[in-house]
Structure formats: C-alpha cells, structure tokens
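Hi,

Here is the structure I said I'd pass on.

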Amino acid sequence: MRKNIVAGNWKMNNDLGATATLITALKQKKNEGNAEVIIAPTFVNLYSAFDSLSDSNITVAAQNMHQAESGAYTGEISAGMLKGIGVDTVILGHSERRAYFHESDELLAQKVDSALKNNMRIIFCFGEELEDRKAGKEENVVGSQLKNALFHLDASAWSNIVLAYEPVWAIGTGETASPEQAQDMHAFIRKTVAEKYNSDVAENVSILYGGSVKPANAKEIFGKPDVDGGLIGGAALKADDFFDIVNAFA
Ligand code: PEP
C-alpha cells in the first residue's frame, strides 16, 4: 500500500537560526491526516534539523548527494556521510540540479545506485519543460527520464523509490498543473512503471506532484487517485502554509 507524503524542499534558504525557528514552528503543528512529513534543509543544517526533530514524526532529507563513496571531490557530500548523521532520504534529480548543475539522467542513475547501496530512500524528481509540453512531447520526455535513471533497477529496489513529477514550467512560477494534468501524467507514470516491472511495483510507488502547490490548491491536486502527495518549494518555508498543505490529507 503506497504512502501519502508531503515533502518540503527548502532549497538554499534558512541559515542555522532560521532553520531552528522554522523547525520549532513545525513541531507545534498537528498532522491531522495520514501523510508522512519530510523536510529537506541545506547540507550544513541537516544535522541540527535531524537532532531537533528526533522526538517528532517529521523526517529529514538531503537535497542532493554525490555519487562516489568518498575521495577527491571538493565540496561534495556522499550517501555514507548522510547516513552517518542519521539522514536516510535524499532528493535526486531536482530540475534546478539538472538545469544549473548539468545533472544528466546518466549521472542521476549513478547517484541512485549509490543511494540505494547505502540503503537510502530516494525522492526522484523529473518532469518536462514548457517547450516539451507545447510540442506535445511531455510523455516522451518523462518516460525517458524514468527509463534512463531508474529502469536499470531490480523490482525489489523500488521499495526505496518515491517519484516526484515536477513539470519545470510549474516550479516557483506560481503556475500549477491543473489537477487533471497532474492526474493524467501520474497515471502515465504508473502505467509506464507497471509495463516495465509489474502492477505491484506500480501500485506501491508513491508519486508526488511538485510545482506551485499551495494551501489553496493542495486538496484538489492530492484528491486525484494517482497523486500521493507533493514536493513543496516556496510554501514549505512557512509553517502555516506547509501544514495547511500537509493537512489537505485530513
Ligand atoms: C520545487 O522546487 O520542488 C517546487 C515544487 O517549488 P515550488 O513549490 O516553489 O514551485
């Protein structure tokens, strides 16, 4: 049975003090539904976030990691280092990593392998650009992102995969995919996973939607049968908004 999940990607926001303040506010909120709540602060604040949340049900995730175990990769962080501080969930493939840091599907496949080797859960992001959608190519693009980065995995590895469909044109733009557009793509993704693996894998994988989710639209989007929650950017930086989104599952 797949899980509902609401994950907040804080991106490069919140220093140590602001991280503590937001976490204090989040801990005062009541999760009235059944969604798992995840937050992804910046690398430097991961341990303090993890430590402050050790007495709560909120999970801490990293926003990225390097594919190597260790070595001469100045400025990078490995899966083992994340695990070493208690963080066992990582976001991979965010469109900002793909666009600004040139992360390809092939590189992401290596990161996926390294995360799984270290028993981490992956929130794998993918989605089409505006021009792909205008050209009617969104399913081709999304299908190949999935295939290139994830379809080398065995079916058993999929218990550690969460998918996050994030149409690039809807991220941080205020433009949201309509609930129907989200449902159509999520159904396509689930069908594609079922065709590659089997219906068990497809029915058990959580597929989150990301792209300008807000308290005002969360309930309608999450109400669609193949939408199992959201990856939230801007609205995750305010405890009230974030928990209004979490409680769309109440
Ligand atoms: C994101 O960056 O993953 C995201 C969905 O951002 P926003 O909610 O701000 O569109």
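**What I found**

Asn118 is buried, with a relative accessible area of 15%; buried means under 20%, exposed over 50% and partly exposed in between, using a 1.4 Å probe and protein chains only. Before you go further: this is a predicted model, where local features need pLDDT of at least 70 and side-chain atom pairs count only at pLDDT 80 or more, while totals for chains, interfaces and linings use all residues. Residues are numbered from 1 along each chain as its sequence is written, and side-chain values use heavy atoms, with hydrogens and water left out.

Back to Asn118, which you'll find in the loop between α5 (105-117) and β5 (121-126). Helices (H or I, at least four residues) and strands (E, at least two) are DSSP runs, numbered from the N terminus. The side chain of Asn118 makes a polar contact of 3.3 Å with the side chain of Glu69. A polar contact here is a pair of N or O atoms within 3.5 Å; within protein, one must be able to donate a hydrogen and the other to accept it, and residues adjacent in sequence count only if both atoms are side-chain atoms.

Now the ligand. It is surrounded by 14 residues, the closest being Lys11, His94, Glu166, Gly172 and Ser212 (a residue counts if one of its heavy atoms lies within 4 Å). That shell divides into four nonpolar, eight polar and two charged residues. For those classes, Ala, Val, Leu, Ile, Met, Phe, Trp, Tyr, Cys and Pro are nonpolar, Asp, Glu, Lys and Arg are charged, and the others, Gly among them, are polar.

Which atoms meet the ligand's oxygens? A side-chain N or O atom of Lys11 is 2.5 Å from a ligand oxygen, a polar side-chain atom of Glu166 is 2.7 Å from one, and a backbone N or O atom of Ser212 is 2.8 Å from one. The protein covers 95% of the 290 Å² of accessible area that the ligand has on its own (Shrake-Rupley method, 1.4 Å probe).

Ser212 also turns up elsewhere: its backbone oxygen is reached by the side chain of Asn217 at 3.1 Å. Asn217 sits in helix α10 (residues 215-222) and is buried, at 14% relative accessible area.

Cheers
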